[in-house]
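Student: Could we go through this protein together? I would like to begin with its overall fold.
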Amino acid sequence: MSDFETVSVNDIPADAAVLDVREDYEWVAGHAEGALHIPLDQLPERVTELDPDQDLYVICRTGGRSFRAAQWLTGQGYAAFNVAGGMDQWLENGKPLISDNGLKPLVL
């Protein structure tokens with residue numbers, strides 16, 4: 001598989017594996033519950049944490065980093081989907097967020 005698809009946040013299946021490639025401070029402020037967090041710059045060294053047989057829905061803040069991550073993952077043999085609009089779109093569509101800092105979740 002050499003190409004990947006871009007999907008909207010509303011097209012992510014309820015039981016999907018969501019990979020958040022934002023930086024630590026962004027993740028702590030707010031993220032999708034159940035998502036896996038691997039910052040983009042750590043992805044090559046942590047790729048073995050991902051299941052190569054599972055579809056991955058890759059998200060960042062607006063879609064740029066997740067585009068690069070999905071492109072790289074696809075090149076490594078993973079089935080990766082870029083989430084258009086990222087966490088900004090997630091929030092705009094009323095999808096739930098949680099935070100790791102005890103504050104109201106937000107997208108940075």
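Tutor: Helices (H or I, at least four residues) and strands (E, at least two) are DSSP runs, numbered from the N terminus. Along the sequence, this protein follows the pattern β-β-α-β-α-β-α-β-α. The radius of gyration, taken over C-alpha atoms, is 13 Å, close to the 13 Å that the globule rule gives for 108 residues, so the protein is as compact as a globular protein of that length. That rule is 2.2 Å times the number of residues to the power 0.38.

Student: What kind of model is it?
Tutor: This is a predicted model, in which local features need pLDDT of at least 70, side-chain atom pairs count only at pLDDT 80 or more, and totals for chains, interfaces and linings use all residues. Residues are numbered from 1 along each chain as its sequence is written, and side-chain values use heavy atoms, with hydrogens and water left out.

Student: How many helices and strands are there?
Tutor: The protein has four helices and five strands.

Student: Where is His31 found?
Tutor: His31 sits in the loop between helix H1 (24–29) and strand S3 (36–37).

Student: Is His31 buried or exposed?
Tutor: His31 is buried, at a relative accessible area of 4%. Buried means under 20% relative accessible area, exposed over 50%, and partly exposed in between (1.4 Å probe, protein chains only).

Student: Which residues does His31 contact?
Tutor: Leaving aside neighbours within four places in sequence, the contacts of His31 (heavy atoms within 4.5 Å) include Asp20, Arg22, Met87 and Pro96.

Student: How much of the protein is buried?
Tutor: Of its 108 residues, 44% count as buried.
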